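Subject: Structure handover

Hello,

I am passing this structure on to you.

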Amino acid sequence: MVDSLTDGLKVRHLTMMGLGSAIGAGLFLGTGAGIAAAGPAVLLSYAIAGFLVILVMRMLGEMAAASPSSGSFSTYAEMAFGRTAGFVTGWLYWFTLVMVMGAEMTGAAAFMGAWFGVDPWIPALVAMVVFAAINLAKVSNFGEFEFWFAAIKVTVIIGFLVVGTLLVFGLLPGSDPVGAANFTGLGGFAPNGVSGIAAGLLVVAFAFGGIEIVTIAAAESKDPALSVGRAVRSVVWRISVFYLGSILVITLLLPWNRLDEAQSAAESPFTLVLQQANLSGVVGFMEAVIVLSLLSAFNAQIYATSRMMYSLALREGRRPAGGGREGRRGPLARVDASGVPRAALLVSVFFGFVAVLLNYLDLDGLLTFLLNAVGASLLAIWAVTVASQLRLRRRLEAAGPMPVRMWAFPYLSWVALALLVGLTVLMLTDASSRRQVLATLAVLVLLTVVGLITGRRRAAAR
């Protein structure tokens, strides 16, 4: 066991979770916005973002395989740079997922409310209670739900790629080969030039958020090193096949200048492609897939927020306090008989309710600021992950075998850091993205101040 948690997750859970974690509602609804910004050249935007994520995941996988922890990158930040770095990184991630949890549930509840003719808060409440109960039972329940959620999403994407490929080559009844008319005939491959590719990169940069949950969950598997290794190695081909393959099919079959961010399932590029195959019930089917993706993400976020809070509380309890003795475990750092950090999970669920309420109230200024702060938070977390790997690599090598290794260390690690700096500069040149960076910076400053104050109080109590 790791950090007193159970080992209830199996390798198949982690592997399928890794496959499905990059397939979310953002892929089905947000793809059109990137295509509208860059045209078919959005493939380059996705390739750059995907390359960055592959490097970050490889580094995170290296550390997770060598030293599994439910705190993942927060634990490694603390190992590399001290208690405050781990505190800030962990709570920034927790805050991010809680806010995203609220947004995901709000979106899913809107669909479900329309299906059943009830106010959206009713399915939101039901879903919150159901998924809280699932996660409170035991970790294998979470693993099974995510396994089947991911299996369905992967099957949908594979089916989409098969249908799309048949349409491209005119192999379905009533279809003709499409050629390159949409791909290069509407202003060329990159109709908006380099600036369009850059704008597309801003849209798609964080499309892969969520895959880091695999390294958190690996701490509760029977063979963390094997699980992390398989999940990390699958990152390369799942990004290549699922994302780049889907975008290629869409840009071949649909005019890029008629797409934008979808506000409904009917506007999704995936729906528009499947409608070309004369399939009945496509809109309803895509709505179901989108809701499933949102619920899958919500389930994973309940899990990840509870484990991150538990890990943070556990590490605080292990520090000497009061005469140099190891600190006592508080309720957030304890697990129940099933190995579930019940208190940490209930606190995360409570704040998930608060986030849903904020989404419904849509308070002027507050919700905008909070969601803006979420926008660039992954950038900060990825940067800390890269810096931690650069700092810890030699120490981990000296400690024992490393089942997963970063390629071409330290050169590709520095390339990843340079890409993150470049992406930050790019965000600062865009008005809406600049607000996200500044809001995230404000949250980082606040968390750093809190971390320093709590750290000094603990030091004074010794």
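Helices here are DSSP runs of H or I with at least four residues, numbered from the N terminus. In those terms, Trp115 belongs to helix α5. Please keep in mind that this is a predicted model.

Surface patch

Trp115 is partly exposed, with a relative accessible area of 40%. Trp115 is also one of the residues of a nonpolar surface patch, together with others including Phe116, Trp121, Ile122, Phe353 and Tyr360. Three helices, α5 (83-116), α6 (121-137) and α14 (342-361), contribute at least two residues each. Helix α6 gives the largest share, with six residues.

Aromatic pairs

The model has 16 aromatic pairs. One of them joins Phe131 and Phe145 edge-to-face, with 6.4 Å from centre to centre and 75° between the planes. Phe131 is in helix α6 and Phe145 in helix α7 (residues 139-168), so this pair ties together parts that are 14 residues apart in sequence. Phe131 has a relative accessibility of 6%, and because buried means under 20%, Phe131 counts as buried. Phe145, at 37%, counts as partly exposed. Elsewhere, ring pairs connect Phe87, Trp91, Trp94, Phe350 and Phe351 into a cluster.

Charges over rings

The charged end of Arg12 is placed over the ring of Phe147, 4.7 Å from the ring's centre. Arg393 lies over the face of Phe409, and here the distance to the ring centre is 4.6 Å.

Regards

Methods: Residues numbered from 1 in each chain as written. Predicted model: local features only at pLDDT ≥ 70, side-chain atom pairs only at ≥ 80, totals over all residues. Heavy atoms only, no water. Patch = residues over 30% accessible without salt bridge, like charges linked within 9 Å, V, L, I, M, F, W, Y side chains within 5 Å. Areas by Shrake-Rupley, 256 points an atom, 1.4 Å probe, with all protein chains shown as cover. Salt bridge = Lys/Arg side-chain N within 4 Å of Asp/Glu carboxyl O. Buried < 20%, exposed > 50% of the residue type's maximum accessible area, 1.4 Å probe, protein only. Phe/Tyr/Trp six-rings, centres within 6.5 Å; stacked < 30°, edge-to-face > 60°. Lys NZ or Arg CZ within 6 Å of the ring centre and 35° of its normal.
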